Amino acid sequence: LNTVWICAIQTVFKGGPSGERQRGVAKGARRGRWPTVFIIGSPKAGTTSLSDVMFASHWFCRPRSNDGNKEVHWLNRKEVFEKGVEWYLAHFGHDPKCLPQDAYQRYVDASPTYLHSPGAAARLNASIPPSLKPELRFIVILREPVARQLSWFNHLVGQRPVPGNDTKTSGRDFEQEVQLSLERRGENWGGLESGRYARQLEEWLPP
């Protein structure tokens, strides 16, 4: 039951001349201004593998980060979003394989927590210039929710100790983690709310 679905959303925001590729706009977005491809979810669904394949190609450009991470987390963390647009844009435009004059290369923000972060889509819609909105592309990977949650639990175990568990495979501790997630109902971003894809996608899809 480890099924993965990949879907691409061409445009979710209105504004600017639809369907028109403007070379000047595209070029400006690649000189450290705005990414135009977003991998928005889901965590533990294969976003790292997908982004690695994309960044190995000529067409997709990696954001700059101190640890080489693909994730910027500007839209889903209030304290990061408050650093402002210029802080965000400073992450893009530095991939050595990407040329400013190539209008068809695209910078990518691959932050898989955007999908299930309330307000992330609205923040992007309010921040990005209207002329760039027709250029935006969104990629979503959806993994079978139970398998995704177990993978997330194992990820957490690798980062912090779980009481009474010295390995990554303890049914009792995983059940306790699921129960805790049910009680929190979304307060824990890695909980079961992350597998409720329909309500998450509603924020990113056109009305």
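**Reading burial, pairs and packing**

Author: Start with Asp-95, a buried residue with a relative accessible area of 12%. Keep in mind that this model is predicted.

Reader: Why does Asp-95 count as buried?

Author: Use the cut-off: buried means under 20% relative accessible area, so a value of 12% qualifies.

Reader: Which residue meets the side chain of Asp-95 in a salt bridge?

Author: First the general idea. Side chains of opposite charge can pair when their charged atoms come close. Here the partner of Asp-95 is Lys-97, with 3.2 Å from N to O. Lys-97 is partly exposed, at 27% relative accessibility.

Reader: How many salt bridges does the structure hold?

Author: Three. Another joins Lys-70 and Glu-71, at 2.7 Å from N to O. Lys-70 is buried at 6%, while Glu-71 is partly exposed at 21%.

Reader: At what distance do Arg-106 and Glu-135 meet?

Author: Their side chains form a salt bridge at 3.5 Å, N to O. Now look at where each one lies. Arg-106 is in strand 4 and Glu-135 is in the loop between helix 5 and strand 5, so this pair ties together parts that are 29 residues apart in sequence. Both ends are buried: Arg-106 has 8% relative accessible area, and Glu-135 has 5%.

Reader: Now helices. Which residues of helix 2 are buried?

Author: Helix 2 covers residues 47-55, and its buried residues are Thr-47, Ser-51, Met-54 and Phe-55. Look down the axis. These buried residues fall within an arc of 90°, so they line one face of helix 2. On the other side, Ser-49 and Val-53 are exposed.

Reader: Which strands do the buried residues of helix 2 pack against?

Author: Strand 2 (37-41), strand 3 (60-61), strand 4 (106-110) and strand 5 (137-143).

Reader: Next, cores. How many residues does the largest nonpolar core have?

Author: There are 27. Tyr-88, Tyr-114 and Trp-204 have the most contacts inside this core. The elements that give two or more residues to the core are strand 2, helix 4 (85-89), helix 5 (120-127), strand 5 and helix 8 (197-204). Another core, of seven residues, lies apart from it and includes Val-37, Phe-55, Val-108 and Ile-139.

Reader: What does Tyr-88 touch?

Author: Set aside its neighbours within four places in sequence. Tyr-88 is then in contact with Trp-34, Pro-35, Phe-38, Val-72, Trp-74, Asp-109 and Tyr-114.

Reader: Last, rings. How many aromatic pairs does the count give?

Author: Eight. To read a pair, take the ring centres, then the angle between planes. The ring centres of Tyr-88 and Phe-92 are 5.1 Å apart and the planes stand at 70°, so the pair is edge-to-face. Tyr-88 and Phe-92 are both buried.

Reader: How far apart are the ring centres of Phe-92 and Tyr-107?

Author: The distance is 6.3 Å, with planes at 80°, so this pair is edge-to-face. Phe-92 lies in the loop between helix 4 and strand 4, and Tyr-107 lies in strand 4, so the pair ties together parts 15 residues apart in sequence. Phe-92 is buried at 0% relative accessibility. Tyr-107 is buried at 1%.

Reader: Which residues do ring pairs link into a cluster?

Author: Trp-34, Trp-74, Phe-81, Tyr-88, Phe-92 and Tyr-107.

Reader: And where does the charged end of Arg-123 sit?

Author: Over the ring of Phe-81, 5.7 Å from its centre.

Technical notes
Residues are numbered from 1 along each chain as its sequence is written. Side-chain values use heavy atoms; hydrogens and water are left out. Buried means under 20% relative accessible area, exposed over 50%, partly exposed in between (1.4 Å probe, protein chains only). Helices (H or I, at least four residues) and strands (E, at least two) are DSSP runs, numbered from the N terminus. The arc is that of the directions from the helix axis to the C-beta atoms. Contact means heavy atoms within 4.5 Å. A nonpolar core is a set of buried Ala, Val, Leu, Ile, Met, Phe, Trp, Tyr and Cys residues joined through side-chain atoms within 4.5 Å. A salt bridge is a side-chain nitrogen of Lys or Arg within 4 Å of a carboxyl oxygen of Asp or Glu. Rings of Phe, Tyr and Trp (its six-membered ring) pair if their centres lie within 6.5 Å; planes under 30 degrees apart count as stacked, over 60 as edge-to-face and the rest as tilted. A charge sits over a ring if NZ of Lys or CZ of Arg is within 6 Å of the ring centre and within 35 degrees of the ring normal.
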